[in-house]
Structure formats: structure tokens, C-alpha cells
Amino acid sequence: MLRTLRTVDGPQGDRILLDGREVLLLCSNDYLGLAGHPALIEASVRAARDFGAGSGGSRLISGSMRIHSILEERIAAFKGTEGALLFNSGYAANTGILQGLFGPGDVVFSDALNHASIIDGCYLSRARTVVYPHGDIDSLEALLEVERPRCRGRVVIVTDGIFSMDGDMAPLRELVRLKHRYGALLMVDDAHGTAVLGERGRGTAEYLECLEEVDLHMGTLGKALGSFGAYLAADRVIIDLLVNRARALIFSTSLPPSVPASAMAALDIVESSEGKDLRQQLMDNRDIFAAGLRSGGVDPPEGVTPILPLVTAEPGITIRTAERLLSRGIFIQGIRPPSVPEGRCRLRATVSALHRPEDLKQSAGIIADILREVRATCLNTLAVKVY
Ligand SMILES: *Cc1c(COP(=O)(O)O)cnc(C)c1O
């Protein structure tokens, strides 16, 4: 269970130099390949030249720069909300939003597989937190039925849009129904859906045709958008409240100007025909990779997201499998608790728009062979459940 860091040299891409060796990268969140895109690099270099390497202060002191507010307006327009607020990372956003908006007397309903930053945000808020079984609308409704009449404060349902370790989608339309029925707010963390899903890349809620029904759109700039940082898009009054209350915003130096500049360049691409083509390529690549795994006898989940969990159940097996893949030039990081529940270790494979179809086909074959061998030799003797 001991973690160590691996070192990447050179830029991001479909292949990277890992600990001095070229490998096929199959576990990055840079889904559209924008982290290495010339337009983003150029924008960040130009902003650093024009506005400096750092912001020099927090947003409420001297660090609220024009480029921050321009990006916030751009994000609000992208998500169709009155306003938006930048945070220094997705982790800071979730802790800041939940702590800033909710407190004792309020109730947060949180999906059991929500990201760690949401869990920590729930702790920091000191609101009553009710964890509902993953994606289980009936259980959530039963819990709301009991809890809602008792709560005099605010009620919020919070969920990942796409779950980071499983790649499945939250049932947002059903959550919208419950939110109306029980007078709750709906917060969606779309770290993995933003720029990936929807006709215009506006994320899981656009894909599920309920974008206007989400009250709190949280998203990150460091995954498919290839940059860094995060945002909340919401009504103006919520943004104003967070400016006054979110400790992760108030007590932290704002993003350096090169970061919003590259995020803006990323949004330009996402909203252009190039972005549409990249999303199509990503979906095609996902299908090619999934089909390759299937023809090798491994069953990745159905779906439309670039995250394909390959369950290996137990930590030792997971690490050995990842090492065998690495020896064949394929890098898929093994994921163990607390990132996933006990007994649900996995190789979390992700594809990007940059991958070449031949590489995906070939690597899927190798992965399937190694997984089959490992499962045959280890899992039968351990008698653990794998699906
Ligand atoms: C990655 C991730 C975060 C954290 O975002 P960072 O910008 O990396 O801090 C939050 N929520 C989810 C669902 C994520 O996958």
C-alpha cells in the first residue's frame, strides 16, 4: 500500500517519458490532449510576459486580476449561469463551496462514490451529511422523505457528473426531479464531463439535457481543459456569498495569470469545430479501445466516457498487473483504497483524443492477455468477486 512518485520528463501526450522510458500513457485526465496544445502554451507564455509569473495576493487583497474576471465571465456564458468564480483547484473548489454555502442546520446528501474533495467539503461544512448508495435514486428519495421535514435549513444533493474511478454517469434527470420535489439544491462536480460530453462540450448535464436545472456547476480546468484550477458557475447571489465566505478562496493566493490564459485558450478550442472533432475522436478512441478489450475477453463497462475501470480487486494483484503492463511499455496506474472502496482495486484506464487507433488496438490486446492471466492465477485462489 506504500505509494511512491513516478517522474515524467518532457511534455504531456499520448506517449510520455516515465522514469526515463517512453511509455504509452493510458491513465491521464488530459482527455482532449490540450495540455500540450500549442495554443494553450502560447497563451500562457504571452500572459506571463504581459502580466507576470504570479498574482501576488489572494482575490480579496491585491490578486484579483482582469484575466480572472474575464475567464469567469467566459465560464458563466459557457454554462449559461449569471456568474462564475475561479478556485485554485478542484479540491479547493469543493471544500470552499461546501464550507462556504452550508453549515450546521443544513443537510448535504452525497453519493457514496463522490470524489474525496466533496467528502472533505462535507466535513468542513459541519452540515449533517447523509451518504446515499451510489446512483440509487429510490434510496435517496427514501432518505429525503425522512430528513426533509426535519431540516429547517438548506438541503443540497451533491454528485459527481461522471464518477472519477468508475466512469459512469450520475442520473442527473432523476436527481432534478428529487430536487424539485424536496426543495433541494443540486450541485454537480463535472471534473470529468466538462469539455468531454455534450454537443457543445458543456458536460454531463448538457448531455443529459438538464443543464438549466443544475444550481451549482462545479468543474475543473486541469483535466480535459488541459490547464489548471477550477470554477463554480451559479447564480450571482451564490457567487457573492462565496466571495465572502469560502475559506479556500479567501485565504489563498489567486491563480497566476498564465493559468486563466491557457484555460481561456482551451475554451476557445472546446467551443470551436476543432473541439467538436476532438470530442468525436475521443469517443471513437474509447470505442476502439473497449472493442479491443472485449475481443480479448475482458469486459469494460458500457458507456460513453473515456474512463474504463478494469477491476483487479486486491492491492497486490493490482500492483503486479500494473508493473507487468509497464514492462510492456503501457502505463496504467493501479488504484487502491482510499481512492476506491476495499476489494474494488482497479486499473483505471483512460483514453484521449490523441491516441492512435493502432496503439489502442495493440495495447488493448496486451492488457486483455495480462489481465486474463492474472485473474486466472490469482483471483481463483483468492476467491474474490470480480466483475
Ligand atoms: C480531479 C477531481 C477533483 C479535483 O480537481 P483538481 O483540480 O485536480 O484538484 C474534484 N472532483 C472530481 C470528481 C475529480 O475527478
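Biologist: In the hairpin of β1 and β2, which residue takes a positive phi?

Modeller: Gly10 does, with a phi near 75°. That hairpin has five residues between its strands. Keep in mind that this is a predicted model.

Biologist: How do β1 and β2 pair?

Modeller: Strand β1 covers residues 8-9 and pairs with β2 in the antiparallel sense, over two bridges. To read one bridge, name both partners. Asp9 has Leu17 of β2 as its bridge partner.

Biologist: What joins β2 to β3?

Modeller: Four bridges, and the two strands run antiparallel. Strand β3 spans residues 21-25. Leu18 stands opposite Arg21 in β3. In this hairpin two residues lie between the strands, and Asp19 has the positive phi, near 45°.

Biologist: Now the seven-stranded sheet. In what order do its strands lie?

Modeller: The order is β4-β10-β9-β8-β7-β5-β6, in an open sheet with mixed pairing. At the edges are β4 (83-87) and β6 (128-132), each of which pairs on one side only. Neighbouring strands are turned by 20° against each other on average, ignoring direction.

Biologist: What packs on that sheet?

Modeller: Helix α2 (residues 66-79) does, touching β4, β9 (216-220) and β10 (230-234). Its direction makes about 125° with that of β4. Helix α3 (residues 90-101) lies across β4, β8 (185-189), β9 and β10. It runs at about 160° to β9.

Biologist: How many bridges join β5 to β6, and how do these strands run?

Modeller: Five bridges, and the strands run parallel. Strand β5 is residues 107-111. One of its residues, Asp111, has Tyr132 of β6 as bridge partner.

Biologist: Next, the three-stranded sheet. What is its order?

Modeller: This open sheet reads β11-β14-β13, with antiparallel pairing. Its edge strands are β11 (307-313) and β13 (334-335), each pairing on one side only. Between β11 and β14 (residues 345-350) there are six bridges. Leu308 stands opposite Ala349 in β14.

Biologist: Which strands does helix α11 lie across?

Modeller: Helix α11 (residues 273-295) lies across β11 and β14, at about 30° to β11. Helix α12 (residues 315-327) lies across β11, β13 and β14. It runs at about 35° to β14.

Biologist: Let us zoom out. What does the domain assignment give?

Modeller: It gives domain 1 (8-31 + 274-386) and domain 2 (38-270). Note that domain 1 is written as two segments. Their centres, taken over C-alpha atoms, are 27 Å apart. The contact takes 23 residues from domain 1 and 22 residues from domain 2.

Biologist: Which residues touch the most other members of the largest nonpolar core?

Modeller: Leu26, Ile75, Phe289 and Ile367, out of 63 residues. Both domain 1 and domain 2 give residues to this core, so it lies between them. Take Ile367 as a case. Leaving out residues up to four places away in sequence, it touches Leu26, Phe289, Leu293, Leu310, Leu325, Ile330 and Ile332. There is also a second, separate core of 25 residues, which includes Val107, Ile157, Ala170 and Leu208.

Biologist: Where does His192 lie?

Modeller: In the loop between β8 and α7 (204-207).

Biologist: Buried or exposed, then: how does His192 count?

Modeller: Buried means under 20% relative accessible area. His192 counts as buried because its relative accessibility is 3%. Among the residues that His192 touches are Asn29, Tyr31, Lys223 and Arg348. Lys79 is 113 residues away from His192 in sequence and 15 Å away in space, C-alpha to C-alpha.

Biologist: Last topic: how many disulfides are there?

Modeller: A disulfide is a covalent bond between the sulfur atoms of two cysteines. The test here is a pair of cysteine sulfur atoms within 2.5 Å. By this rule there are zero disulfides. For Cys122, the nearest cysteine sulfur belongs to Cys151 and is 14 Å away. Cys122 is buried, with a relative accessible area of 4%. Cys345 is buried as well, at 1%.

Notes:
Residues are numbered from 1 along each chain as its sequence is written. This is a predicted model: local features need pLDDT of at least 70, side-chain atom pairs count only at pLDDT 80 or more; totals for chains, interfaces and linings use all residues. Side-chain values use heavy atoms; hydrogens and water are left out. Buried means under 20% relative accessible area, exposed over 50%, partly exposed in between (1.4 Å probe, protein chains only). Two strands pair if DSSP finds at least two bridges between them. Axes are lines fitted to C-alpha atoms, for helices over the stretch in contact, and angles run from 0 to 180 degrees between N-to-C directions. Contact means heavy atoms within 4.5 Å. A nonpolar core is a set of buried Ala, Val, Leu, Ile, Met, Phe, Trp, Tyr and Cys residues joined through side-chain atoms within 4.5 Å. Domain bounds come from an automatic or database domain assignment.
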